[in-house]
Amino acid sequence: MARLTLNALGKTFGTTTAVAAFSLDVKDGELVCLLGPSGSGKSTLLRMVGGFETPTSGEVLIDGEVVTRTPPERRPTAMVFQSHALWTHMNVFGNIAFGLRIRRLPKAEIASRVGRVLALVGLEGYGKRQTNQLSGGQQQRVAIARALVLEPKILLLDEPFASLDQHLRERLREEVRDIQHRLGITTLFVTHGQDEALSLADRIVVLKEGRAEQVGAPAEVYRSPATPFVAGFIGSMNRLPGSVEAGRFRHGALELPLEGVPDGPAELAVRPEHLVVRAAPGGGAASLRRLTDYGTHRIIDLETSEGARLKAQVADGADLPQGPGLQLEPTAWAVFRNDQVIARSPA
Ligand SMILES: Nc1ncnc2c1ncn2[C@@H]1O[C@H](COP(=O)(O)OP(=O)(O)O)[C@@H](O)[C@H]1O
Ligand SMILES: [Mg+2]
């Protein structure tokens with residue numbers, strides 16, 4: 001277990017700023033997900049923590065000790081890379097034992113440690129297998145075992161399941177969460193998948209262009225996105241342009257009271273599951289375009305009188321009239337102006 005502190009960590013490549021003055025405290029045993037689109041600096045950040053990239057500015061501390069310029073093999077960290085490439089000229093045992101052989105551990109200890117991590121990742125008895133005799137999911141487990149066998153204080157995972165199909169990804173995700181809990185190992189997990197971050201993380205860091213847009217627990221980031229970018233990136237979100245006039249947000253016939261907000265342009269963000277749709281005899285704010293039944297839930301596509309498209313989750317939907325006769329009632333929402341939240345629905 002270890003505490004990780006990043007102090008104004010920065011990395012530039014020529015004129016590209018990959019990571020900009022990034023600060024974060026990761027608690028003992030905490031699992032933090034770095035979530036962001038491709039190119040947002042996730043890998044660069046992780047590589048600086050692991051010692052594979054030298055920061056241009058700032059520092060990395062582990063348990064209060066500065067390791068910014070310590071080489072990877074002398075840090076208490078282990079990394080599972082985005083392309084996990086196992087060594088094909090070694091069997092599973094050889095792949096996992098490699099790091100311990102370099103550290104010149106006695107043979108018997110190597111054997112017992114490899115045996116333990118194989119059991120931990122559910123590959124008991126697979127030591128003699130060649131890596132090309134393994135499925136994609138098994139190879140991924142070996143890559144994780146290879147990191148865990150070093151008994152790192154901090155585990156770094158860079159999109160470890162990106163190449164696997166949905167079902168396998170979900171299963172391995174649960175296994176990693178399980179192992180991480182049992183070992184109490186401080187973990188940084190990089191992903192560009194919001195589902196993965198929401199289901200795995202104690203806290204999520206949403207990255208955009210090398211900066212943290214928001215840091216918070218999954219529920220917090222989901223329910224109270226701090227910026228329009230976070231609102232759009234996590235979960236499904238409707239965004240309606242409009243304006244605030246005399247204490248009310250307006251988008252066509254859709255209105256919301258907003259106390260103490262100055263007049264001006266604004267954007268309403270509301271999730272499909274937080275939009276109640278009712279028939280409004282005599283005309284409303286929107287019309288029904290289409291109903292899609294996903295089995296587990298139903299989604300309707302709407303168009304407002306202002307021409308904006310949006311989605312709402314409905315229990316039934318069959319009762320809704322065709323034509324411009326729908327009333328919209330957001331039950332949880334945020335209003336943004338200039339990339340900042342200016343109002344939020346009461347909790
Ligand atoms: N070795 C490098 N040389 C030049 N530019 C790089 C290098 N590594 C990363 N970058 C740039 O830094 C930015 C962040 O990249 P990266 O950390 O790989 O993002 P992510 O992992 O979120 O996709 C990108 O613009 C990328 O092109
Ligand atoms: Mg990456």
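This is a predicted model: local features need pLDDT of at least 70, side-chain atom pairs count only at pLDDT 80 or more; totals for chains, interfaces and linings use all residues.

Visitor: How many helices and strands does the protein have?
Guide: Helices (H or I, at least four residues) and strands (E, at least two) are DSSP runs, numbered from the N terminus. Here there are eight helices and 21 strands. The C-alpha atoms occupy a box of roughly 80 × 45 × 35 Å along the principal axes.

Visitor: Which domains does the assignment give?
Guide: Domain bounds come from an automatic or database domain assignment. For this protein they are domain 1 (4–232) and domain 2 (236–344). Their C-alpha centres lie 39 Å apart. Seven residues from domain 1 and nine residues from domain 2 make the contact, where two residues are in contact if their C-beta atoms, placed from the backbone, lie within 7 Å.

Visitor: What share of the residues is buried?
Guide: A residue is buried if 20 or more other C-beta atoms lie within 10 Å of its own, exposed if 12 or fewer, and partly exposed in between, with C-beta atoms placed from the backbone. By this rule, 38% of the 347 residues count as buried.

Visitor: How is a nonpolar core to be read?
Guide: In soluble globular proteins, nonpolar side chains tend to be buried together. A nonpolar core is a set of buried Ala, Val, Leu, Ile, Met, Phe, Trp, Tyr and Cys residues joined through C-beta atoms within 7 Å. The largest one here has 88 residues, and Cys33, Leu34, Ala145, Leu156, Leu188 and Val206 touch the most other members. Helix 4 (residues 136–148) supplies the largest share of this core, six residues. Beyond its neighbours within four places in sequence, Cys33 has contacts that include Phe189, Ala197 and Ile204.

Visitor: Which element gives the most to the shell around ligand 1?
Guide: A residue is near a molecule if its C-beta atom, placed from the backbone, lies within 6 Å of it. Helix 1 gives the most to this shell, with three residues. Among the residues around ligand 1 are Phe13, Gly36, Lys42, Ser43 and Thr44.

Visitor: Is helix 1 mostly covered or mostly uncovered?
Guide: Helix 1 is mostly covered, as nine of its nine residues are buried. These buried residues include Lys42, Ser43 and Thr44, which also belong to the ligand 1 shell. Gly51 follows helix 1 and has a positive phi, near 95°.

Visitor: In what order do the four strands of the open sheet lie?
Guide: Two strands pair if DSSP finds at least two bridges between them. The order is 2-1-4-5, with antiparallel pairing. Strand 2 and strand 5 (65–66) are the edge strands, each pairing on one side only. Strand 1 (residues 4–13) joins strand 2 over seven bridges, and Leu9 has Phe22 as its bridge partner in strand 2.

Visitor: Which two strands form a hairpin with four residues between them?
Guide: They are strand 16 and strand 17, and Gly295 in the turn has a positive phi of about 85°. Seven bridges link these antiparallel strands. Ser287 stands opposite Glu303 in strand 17.

Definitions and conventions:
Residues are numbered from 1 along each chain as its sequence is written. Chains are lettered from A and ligands numbered from 1 in the order in which they are written.
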